[in-house]
Amino acid sequence: MHPSSSSSSAAHPPDGTQPSSKPPPPAAPAMGYPANAAPNPNPNSNTAYYAAAPPPAANGNGTAAFGVAYPYPAPPPQHHHHPPPPPQHPYHHQYHNPYHAPPPPPPTCLRRLLALVVAAFLLLGAGTFIVWLLLRPRAPAFSLATLSLSRVAYSPANSNLSAAFDASFLAENPNAKLTVSYSSLLASVALAPSSPIAVTSLPPFVQAPRSNTALPFRLQVDGAYVGPDEVAPLKSGANGGTMEVQVRLTAVAVFDRGGWRTRRRVMRVICEDVPVTFRGKNATDAKFDGPPRRCEVYL
């Protein structure tokens, strides 16, 4: 069956017959794309596709031939907006960002030096602790052996006091293996728990293990001011009574055993409320009577 012949016979009736006044039916719409159409050279253009061949020229009466496809716009190209894949660098695994690169490890010699320093400190600390456990430094003991006052003179007009204090400490080193060295010794005397009225310096000395050392000293008071708290016990004692005196000693002590020495330590010796008795009314002399008085030692 040839569609072209049928279409021409329908468009041109045979001679002697009059064409029908009724117009022919419209052509059926084309379905799908042509099977043998030439590819579109420009895919982005809106060029129309045809179901078969391009439409021929219209007949004389202005109607198209039957079975001829009509043009229609081609569908727009499909664009899939997917992000492009990242470029694969052939040496991407060897790339290093210098701003985020890890710091280089310290040299081996530096690490060994730090390890040696730490080990030396640990050994030194352990050795010091072991020596301290073996030697066990003990604080020395101090006692006030003697104390006497002479030429005591008090002036109520200006609250001045003049007197001479003669005292003696007895120092004891209880350590069996350690020698104690004393330096910067200062002895003072006070009539009340306040500022001392006389201070004197003493010479340094070294005390052998398990030994006792007498430490005599003299304090001279010439016109020192005494307050109301100090005058009351002085007046009561001068009338034949007893007055209490405070004697103090400060020093720097160092324990020594051969080449091993401790650090310098400040030592304070306090003898509080030491009673001294005046010999009679209006006496100018007083004396501490009794056995050596134990003093507090703070080291």
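Here is a short chat about the disulfide and the nonpolar core of this predicted model.

Student: What should I know about the numbers first?

Tutor: Residues are numbered from 1 along each chain as its sequence is written, and side-chain values use heavy atoms, without hydrogens or water. In this predicted model, local features need pLDDT of at least 70 and side-chain atom pairs count only at pLDDT 80 or more, while totals for chains, interfaces and linings use all residues.

Student: Why is the link between cysteine 271 and cysteine 295 called a disulfide?

Tutor: The cut-off is a pair of cysteine sulfur atoms within 2.5 Å. Here the S to S distance is 1.6 Å, so the pair qualifies. The structure holds one disulfide.

Student: What makes that disulfide right-handed?

Tutor: The torsion about the S-S bond is about 90°, so it's right-handed.

Student: How do you know whether cysteine 271 is buried or exposed?

Tutor: Buried means under 20% relative accessible area, exposed over 50%, and partly exposed in between, with a 1.4 Å probe and protein chains only. Cysteine 271 sits at 1%, so it counts as buried.

Student: And why is cysteine 109 called what it is, buried or exposed?

Tutor: Cysteine 109 has 58% relative accessibility, so it counts as exposed.

Student: What makes a set of residues a nonpolar core?

Tutor: The members are buried Ala, Val, Leu, Ile, Met, Phe, Trp, Tyr and Cys residues joined through side-chain atoms within 4.5 Å. The largest one here has 48 residues, and Leu249 is among those touching the most other members.
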